[in-house]
Amino acid sequence: MGDAFAQAFGLIARLDPDLFEIVSLSLRVSLTAVGLACLVGLPLGALLGITRFPGRRAVVVVVNALMGLPPVVVGLVVYLMLSRSGPLGSLALLFRPSAMVIAQTVLILPIVTALSRQVFEDLWREYGEQLRAFGASRLRAAATLLVEGRYPLATAVLAGVGRALAEVGAVIIVGGNIAHLTRVMTTAIALETSRGDLSLALALGLILVGLSIAVNGAAQLLQEAAGRGVG
Amino acid sequence: MASAEPGNHAAVPEAGVLPLRLEGVSFEVDGLALLDGIDLELGPGPLSVVLGANGAGKSLLLRVCHGLLTPTRGQVHWCGAGAAQAADRCAMVFQRPVLLKRSAAANVDYPLRLRGVPKAARRDRIERALRATGLVALAERPARLLSGGEQQRLALAQAWALSPQVVFLDEPAAALDPPASRALERIVRELADTGTKIVMTTHDLEQARRMADEVLFLHRGRLLERAPNASFFDRPESAEARAFLEGEPAP
């Protein structure tokens, strides 16, 4: 046990290339997925937060419920879509990083949408009447609130980052954990642990926990900055 | 003071939007008439103070006039030649100003940008509005770090910079201490003296007495009296207004 820890620190200390290949793919896949989820989720959150239309509440309930999507189920559905006989099979994306990005985007999208919807709704309650009195269109108001709410919105995005980096179920199904191609931190930990290579698993685990702490620390700092009301 | 500067209003004379005419305006929520059959014409000129107890419908009346709320019955007409652009010709100052998380100057800039005022003209107008409200020294200060009185003056600067024909003020001094309240009143008076029509609500009798050219007395959603300052305070016609002035419960 002690040996495994020592070796794990050794791997990190000497910047083991295999280790960092895995870490960098993890970051690339998850951050791309979060970026895509933001492109769709933030406008959707703004739409749900600051406009009223029939059926809006039902949509909000559904989006909130989707926040709890089990990653393996997302993986399974994306797998079925991308498999050779599936509707998107001709794109041949399965077992490639692109498939992992798609799966994680699907997983993160409800999180970014639901959390940002809440932020936009609160902001609209505060700013809405003033912005309407200025004659701002809803689109312009949304852009203004995006800037005004940048800290709480960034916290919502970081929640997505944390979820994407930590999940294993979706990426292992659509990525397949192929060495040097689709092996990311979580899938590598699962594999190496089962194979008994505890040092690599531990090294990745340490990095993953470190990233998780960093993400949460950043979220905390952003919340404090927002609480000061300056920014 | 800046108020005397002739350049406060846009160089090109604008088509007027006044008088504003309300015909049989009611606002009902769940069958309860919060505004009840109000007929009213507001022309340019006198500083109009809407006076009444809490819940009389003062804020609601202002929002209906401005167009933020649509009455459930009756009509609101802007009647001047510029009626079609009426929304761009009026400004609203709320009881609690909602300022953006940026500098005081940027807060004045924001509504100007929304209305497509060119950059060079914006700088000029921001400068003048901040000077008129005594905020030049605080121009670069984050707006949310200003005191309550300064924030409310900044809200007034936002309105001032727009060079509106009408400014609605909803209990603008209700949350301020007496000196801040007086400072605000002076600025509002100066704004009125530039030819801007002011319609403000208050439940503060002394403030109404100081500010009003004419008083509109609102009671339970109905406009009971409209009279020049002196005659309203000296000889109120309705029993409700007499009770309000005496600080007694309504008959």
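Visitor: How many salt bridges does the structure hold over all chains?
Guide: There are 22 salt bridges over all chains. A salt bridge here is a side-chain nitrogen of Lys or Arg within 4 Å of a carboxyl oxygen of Asp or Glu.

Visitor: Before we go on, what sort of model is this?
Guide: It's a predicted model, where local features need pLDDT of at least 70, side-chain atom pairs count only at pLDDT 80 or more, and totals for chains, interfaces and linings use all residues; side-chain values use heavy atoms, leaving out hydrogens and water. Residues are numbered from 1 along each chain as its sequence is written, while chains are lettered from A and ligands numbered from 1 in the order in which they are written.

Visitor: Okay, back to salt bridges. What does A:Arg56 form one with?
Guide: With A:Glu121, and the closest N and O atoms are 2.7 Å apart. That pair links distant parts of the chain, 65 residues apart: A:Arg56 is in helix α3 (residues 56–66) of chain A and A:Glu121 is in helix α5 of chain A. Helices (H or I, at least four residues) and strands (E, at least two) are DSSP runs, numbered from the N terminus.

Visitor: How many helices and strands has chain A got?
Guide: Chain A has 10 helices and zero strands. Its C-alpha trace spans about 65 × 50 × 25 Å along its principal axes.

Visitor: At what angle do α2 and α5 of chain A cross?
Guide: Helix α2 (residues 17–50) and helix α5 (residues 97–134) of chain A cross at roughly 35°, and their axes come within 5 Å. By class, the contact of α2(A) with α5(A) has 21 nonpolar, nine polar and two charged residues. Ala, Val, Leu, Ile, Met, Phe, Trp, Tyr, Cys and Pro count as nonpolar, Asp, Glu, Lys and Arg as charged, and the others, Gly among them, as polar. As for the axes, they are lines fitted to C-alpha atoms, for helices over the stretch in contact, with angles running from 0 to 180 degrees between N-to-C directions.

Visitor: Now chain B. In what order do the six strands of the open sheet come?
Guide: The order is β5-β6-β7-β3-β8-β9, with mixed pairing. At the edges stand β5 (90–93) and β9 (222–228) of chain B, each with a single partner strand, so one side of each has no neighbour in the sheet. From one strand to the next, the twist averages 15°. Two strands pair if DSSP finds at least two bridges between them.

Visitor: How do β8 and β9 pair?
Guide: Strand β8 (residues 214–219) of chain B and β9(B) pair in the antiparallel sense over six bridges. B:Leu218 has B:Leu223 in β9(B) as its bridge partner.

Visitor: What lies across that part of the sheet?
Guide: Helix α9 (residues 239–246) of chain B lies across β3 (48–51), β8 and β9 of chain B, and runs at about 100° to β8(B).

Visitor: Which strands make up the open sheet of three?
Guide: Those are β2-β1-β4 of chain B, in that order, with antiparallel pairing. Since β2 and β4 of chain B stand at the edges with a single partner strand each, one side of each is left without a neighbour in the sheet.

Visitor: What do β1 and β2 of chain B form?
Guide: A hairpin, with two residues between the strands, and B:Asp30 in the turn has a positive phi of about 50°. Strand β1 (residues 20–29) and strand β2 (residues 32–42) of chain B share seven bridges. B:Val25 stands opposite B:Ile38, and B:Val29 stands opposite B:Leu32. On β4(B), B:Gln75 is opposite B:Glu23.

Visitor: Is the peptide bond from B:Leu18 to B:Pro19 cis or trans?
Guide: That bond is cis, with omega near 5°. B:Pro19 sits in the segment before β1 of chain B.

Visitor: Last topic: how many residues of chain B are in contact with chain A?
Guide: 18 residues of chain B are in contact with 17 residues of chain A, where contact means heavy atoms within 4.5 Å. The area buried between the chains is about 1,900 Å², and carbon and sulfur atoms give 52% of that. Buried area is the accessible area (1.4 Å probe) that two parts lose on being put together, summed over both.

Visitor: And how many salt bridges are between chain B and chain A?
Guide: Three. In a salt bridge between A:Glu129 and B:Arg63, the side chains meet at 2.5 Å, N to O.
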